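Hi there,

Here is the structure I promised to pass on to you. Have a look at it first, and then read on for what I found in it.

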Amino acid sequence: MANYKMRKPVDPHVLMVEVVGTKRISPHVIRMTVGGDGLTQFTPLGFDQWMRLFLARDGQEGLRLPTRSSNLWYAQYLATPRVKRPHVRSYTVRAFRADLREMDIDFVVHADADGTSGPAAMFATSARPGDQVGILDQGVGFNPRHEHDWTLLVADETGLPAVAGICQALPAGARGLAIVEIPAASDRQDFPVPPGIQLIWVDREGTSKPDEVPGRLALDALRAAQLPDGTVYGYLVGESALATGARRYLVTERGIPKNHVDFVGYWRHGHAAM
């Protein structure tokens, strides 16, 4: 994660929820709906609200969750024997329906070069109603701390839920630019976008290098973009090289102050998460 002040969750708890259902909404995205009474303790904040997601490992009879909700949860997690630890991943809330006690979470699913997928993608692919999932609210990453005239969002497919949530939460009069790279044009999603925000989709399938490392095309699109005038707040999320590369470009070549650009490397190409 980037080293800046995110907006903290209101009252975080490690919550147990259950899978309600799953649906493949595009070739590379599965939307999982989770629900249950545990979500009555979840406070929705909008924007790119994110959480720790706890998933059972293969062979585990039940999901063993940390009982501490503060930063001490990780120490408790490490003290748990590895065979009993759940997988832990970070995901963005795609939608929250308090009246139904339901939450949607989008999983990017793809196979690595050896034909395998990560634990979260495998769980999303095989999940059945009633499967248990743990969640721990972590707050909101999108956090402008200065007056600005327009907003810049840059993301790959893993940052698409963040872009969607932010666009839905921005005021109707917001201006700016959102660049989202996706594996294929068929992975585009419909979501509310303020009229003053230009949304640019870039898909790897439509290029001569469909196996390009995710994020490089979004970075190219940023370099080629005609940026609006005025003071900007930039928020860059996705593969680590995209987030850091976009910030470096904006600061060194566009002269944007460092504290006007926040970035979060969700993942690193070729490296597994914990």
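Strand β3 (residues 49-55) and strand β7 (residues 132-140) run antiparallel and are joined by 6 bridges; two strands count as paired if DSSP finds at least two bridges between them. On β4, Arg89 is the residue opposite Leu53, and β3 and β4 are also antiparallel, with 6 bridges. Of the 7 residues of β3, 6 are buried (buried means under 20% relative accessible area, exposed over 50%, partly exposed in between, with a 1.4 Å probe and protein chains only).

Before going further, please keep in mind that this is a predicted model, where local features need pLDDT of at least 70 and side-chain atom pairs count only at pLDDT 80 or more, while totals for chains, interfaces and linings use all residues. Residues are numbered from 1 along each chain as its sequence is written, and side-chain values use heavy atoms, leaving out hydrogens and water. The helix and strand names follow DSSP runs, numbered from the N terminus (helices are H or I, at least four residues; strands are E, at least two).

Where does β3 belong? It is part of an open sheet of 7 strands with antiparallel pairing, in the order β4-β3-β7-β1-β2-β6-β5. β4 (87-92) and β5 (95-97) are at the edges with a single partner strand each, so one side of each has no neighbour in the sheet. From one strand to the next, the twist averages 35 degrees.

There is also an open sheet of 5 strands with parallel pairing, ordered β10-β9-β8-β11-β12. Here the edge strands are β10 (196-203) and β12, and the twist averages 10 degrees from one strand to the next. Strand β9 (residues 175-182) is joined to β10 by 8 bridges, and Ile179 has Ile200 in β10 as its bridge partner.

Enjoy exploring!

Key: Axes are lines fitted to C-alpha atoms, for helices over the stretch in contact, and angles run from 0 to 180 degrees between N-to-C directions.
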